[in-house]
Amino acid sequence: MEYDALRSRLTGGLDYRDVIALPDGSVDRYYGVADATGERIRTLPAFVDRLSGGVRSLKLVSEAVRPGGQAVNAARQASVLGPDVTLYGHLDDPHLGSFPFRTISMGAPATVQVLSFDEEEMMLAVESEDIREWRIEDLFAAVRTEPDAWLSDEVVVLQNWVGVDGMTDAIGTLADLDLGAATVVFDPGDVTASSAEPLRALCRALGALAAETEVVLTANDREIGRLAAVLGVEATGTERELALRDRLGIDAVVLHDERRAAAATDELTVVQNFEAERVRRRTGAGDRFDGALATGIAAGLPWGECLALGNACATYFVEQGETATRDDVRELLDRRSDR
């Protein structure tokens, strides 16, 4: 039902609030892995077997250099779906090239080496000093406006808490500002290995921000499980996201996963995901979900359609390795109209 409604919606015009994404950025270098004879190692388990078997020398086969970073990926997704987008990122590298939307750089990007295997990838990331030391003051220096005048009604996609040490303090500062009618869509990244106390401090900051403006937390199943455990949320199944939302004191908790997406607001909305017909690339699919979710929120779509748009864009990226345009989403929905 949600996919049918979304397909009809995308055939017409939509009015959007502007979308802002921040604060990271990376240069992603993709490599195949080969043994000494030049034979490609196709799977991650085979790679692990070589290492555990004592192999200490392998060949990297360069495949591509792509712009990356959670905020960059989300901005690219939102832009091709329709909203006017501004990216405040770490973009000072010629390999990042130019983007078809407004960009403002706050320093050097991260460097990410991606080892490509069949249906899986391994990421080896080195955060730049500019990203590690980023503070909200760097944003306001780049914006060149008074902090209280920065936002009016935009949808702000704020990502990568795990890679940006100053993120919790930044959220606390935002809570003290006049943010107008803005909506903050927050994806912390992979928090599964994060310590409990920093996560509790993050959760307190999100609750303080939600007292001033609308806050939407978006994360995958394992990440939401980690946050729930840290906060002592014992609910399971479909009740977990609702309980976590109440504990955080925010407006919505959104789950995005391979099987389904769910939005816990005053009620729970669940939209089953498509099964990928093939796997071209997984890394970055969650960022496409976030960008599409922000687009749906910016268009004022019902939660079910926001989740359907996120699912469609994430699935398209997994299958094609490319960011889905509105036409791509419509074609995907037409092909799978039985959903």
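Aromatic contacts are considered first. A pair of aromatic rings is described by the distance of the centres and the angle of the planes. In the predicted structure the count comes to 5 aromatic pairs, and one of them is formed by F47 and F117, whose rings are tilted, with 5.4 Å from centre to centre and 40° between the planes. Because F47 lies in helix α2 (residues 44-52) and F117 in strand β6 (residues 110-117), this pair ties together parts that are 70 residues apart in sequence. Both partners are shielded: F47 has a relative accessibility of 9% and counts as buried, and F117, at 7% relative accessibility, counts as buried too. In the pair formed by F99 and F101, the ring centres are 5.4 Å apart and the planes stand at 25°, so this pair is stacked; F99 and F101 are both buried.

Rolling a probe the size of a water molecule over the atoms shows where empty space is left. The second largest pocket has a volume of about 180 Å³, and it is lined by 13 residues, of which S116, F117, E121, R280 and R281 are the closest to its centre. Strands β6 and β7 (120-126) are the elements that give two or more residues to this lining. By class, the lining of the second largest pocket consists of 2 nonpolar, 1 polar and 10 charged residues. F117 is thus a residue of the pocket lining as well as a partner of F47 in the tilted aromatic pair.

The 14 residues of α10 reach 20 Å from the first C-alpha to the last, close to the 20 Å expected at 1.5 Å a residue. Since 13 of these 14 residues are buried, α10 is largely enclosed by the rest of the structure. F289 has its place in this helix and, at a relative accessibility of 2%, counts as buried. Between F289 and A141 there are 148 residues of separation in sequence and 29 Å in space, C-alpha to C-alpha. D290 is also found in helix α10, and its relative accessibility of 0% makes it count as buried. For D290 and D187, a separation of 103 residues in sequence goes with 7.8 Å in space, C-alpha to C-alpha. Just after α10, G300 takes a positive phi of about 75°.

A243 is placed in helix α9 (residues 239-248) and counts as partly exposed, with a relative accessibility of 25%. A243 and G232 are 11 residues apart in sequence, and their C-alpha atoms are 10 Å apart in space.

Most residues other than glycine have a negative phi, and most peptide bonds are trans. The peptide bond from L22 to P23, however, is cis, with omega near 5°, and P23 is located in the loop between β1 (19-22) and β2 (26-34). R144, a residue other than glycine, has a positive phi near 60°; R144 lies in the loop between α5 (136-143) and β8 (155-159) and, at 75% relative accessibility, counts as exposed. N160 likewise is not a glycine and has a positive phi of about 70°. The place of N160 is in the loop between β8 and α6 (167-174), where, at a relative accessibility of 7%, N160 counts as buried.

Note on methods:
Residues numbered from 1 in each chain as written. Predicted model: local features only at pLDDT ≥ 70, side-chain atom pairs only at ≥ 80, totals over all residues. Heavy atoms only, no water. Phe/Tyr/Trp six-rings, centres within 6.5 Å; stacked < 30°, edge-to-face > 60°. Helix = DSSP H or I, 4+ residues; strand = E, 2+ residues; numbered from the N terminus. Buried < 20%, exposed > 50% of the residue type's maximum accessible area, 1.4 Å probe, protein only. 1 Å grid on protein atoms, 1.4 Å probe; cavity = no way out; pocket = protein on both sides within 12 Å on 5 of 7 lines; lining within 4 Å. Points joined across faces, edges and corners; volume = space filled by probe spheres on them. Nonpolar A, V, L, I, M, F, W, Y, C, P; charged D, E, K, R; others polar. Expected span 1.5 Å × (residues − 1).
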